[in-house]
Amino acid sequence: MRIFHLLAILAIPAFAQVGPDYERPASAVPPKFKGVTWRAASPAAHLPKGEWWKVFRDSKLNDLMARATAGNQDLKAALARFDQARATARMARADFLPGVSLPLTAERQRTSENQPSPIPLNGLRYDGPAYNAMADFSWELDLWGKIRRQNEGARADAEAAADAVHNVLLGIQAELASSYFQLRALDQEIRLVREAVALRGEALKIAQARVLAGAGSELEQAQAETEVASAEAEISTLQARRDQYENAIAILTGSSAARFRVTSGGALPAPPDLPAGVPSDLLERRPDISSAERQLAAATARIGVARAQFFPSIRLLGRGGYQSMDLDALLEPASLMWSYGPSISVPLFAGGKNRFNLQKARAAHDEALAGWRQAFLTAVADVETSLSSIQNLATTSAAQQRARQSAERAASLAKTRYEAGTSPYLDVIEANRTALAMQRATAQTAGQRLAAAVSLIKALGGGWEATAPLPAPAPDPSAQIMPDDESRRGLLSRLKDFIRRRE
């Protein structure tokens, strides 16, 4: 009965929990983006992002996204890291339960003739077999919250790993879309240069005919040949750059570059319209912010684990079974033995290990806090940079369109004046060069505008839907980390199933 009284006394502080409780730190939020209003944000990477790339209405891009989601090796590695973190969280939960083992031993032993004994042994000893069939029971009482803090930190780590999967996925999708649009822009440039080669080839034939007729000079013919050759060389340069983007897309989709091809499409799509106001709650969906916040929560919980090392550790122990020197008599009632009771370990001296461990945990917390704040600052800067690129590239595109029209008109006038004999062929060459340069610059800017739109989508965590998702309920860690049925399966489980179906 005294043991039960002792256990009742020990159970009084059973709900005590040392260490700080986690609270999301406040962050200085500017009132607006430069020219775009916003609201305060809080991490919510679990909110649905949707297939944001479909805003570009490109079926080839949709197919490449599906292939990247199914075959990208970095994404598979991130999913494997999440599986590891989830398994660690499950292991942490197991510490709440008692441990039971069944050690079975069969050995030969010799006891000491001088072992301590309440009666004189006078040289008696035992030399022979010993058989044991025991059941060991051990259960640590979580009086100071050490196990709860460990479990809390493991859950946060698993949630951070889940956000890391989202971050890898979003990065892959954004890089794929950007590379695809740059490739499409190069296709436009290659088409323009090939058209220029054809036109300059016709001009070369005219120059050759004029030389044969005595109406032209060999200088004009040499200049025409130079223009054709330089344009042909430019095609090879552009094709090499296109091959680089195509190979990069092959890696993103998990395909062999030797067999991978991206067929050329038509004209580039127009960039999606930027909404008049970009709410900052879109930043909630940035997985890097949410992952950093979860890492901070895990670091906070580990301070409590380190603090609990300063307090006594109490375990309930039990041992019972059969012990005999004769195997035939092992299971007889006379061979039964048992023991039970608490085991208390009080930390008196550890050479400062516990104190240094606490200092380490606090320093890790400070590091995680700085990482979270840095992630938030980086997110705001990414949005600002993308918004600036979109706005400035739109202005550049409008000016280039006007310049292109003027250059094409100038080229047409120079050709007419040359054929009429009122202008030298050099004017035609310069006008054609200017027109081609403006046409190529227009194609390049079109690709850059699409890439800037992709960068903004990535900076906002995956799109800017006009209607924000419904507020999500408070996350249930067990549901997020350990889905048990189909109704609780999240993006990660569906993503893994999708990858397996495509393999």
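Predicted model: local features only at pLDDT ≥ 70, side-chain atom pairs only at ≥ 80, totals over all residues.

From the pocket we'll move on to helix α8, which gives two or more residues to the pocket's lining.

**The second largest pocket**
- In all, 21 residues line this pocket, and the ones nearest its centre are Leu199, Arg200, Ala411, Lys415 and Asn432.
- Which elements give two or more residues to the lining? They are α4 (146–213), α7 (353–419) and α8.
- Of these, α4 gives the most, with eight residues.

**Helix α8 on its own**
- Helix α8 covers residues 425–459, which makes 35 residues.
- At 1.5 Å a residue, α8 should span 51 Å, and its end C-alpha atoms sit 50 Å apart, so the two values agree.
- Just after α8 comes Gly461, which takes a positive phi of about 90°.

**How α8 sits with α5**
- A pair of packed helices is described by the angle between their axes and the distance between the axes.
- Helix α5 (residues 218–252) and α8 have axes that come within 10 Å and cross at roughly 15°.
- Because angles under 35 degrees count as roughly parallel, α5 is roughly parallel to α8.
- Is the crossing left-handed or right-handed? Where α5 passes α8, the crossing is right-handed.

Notes: Residues numbered from 1 in each chain as written. Heavy atoms only, no water. Helix = DSSP H or I, 4+ residues; strand = E, 2+ residues; numbered from the N terminus. Expected span 1.5 Å × (residues − 1). 1 Å grid on protein atoms, 1.4 Å probe; cavity = no way out; pocket = protein on both sides within 12 Å on 5 of 7 lines; lining within 4 Å. Axes fitted to C-alpha atoms, helices over the stretch in contact; angles between N-to-C directions. Parallel < 35°, antiparallel > 145°, perpendicular 65-115°, else oblique. Left-handed = near helix turned anticlockwise from the far one by under 90°.
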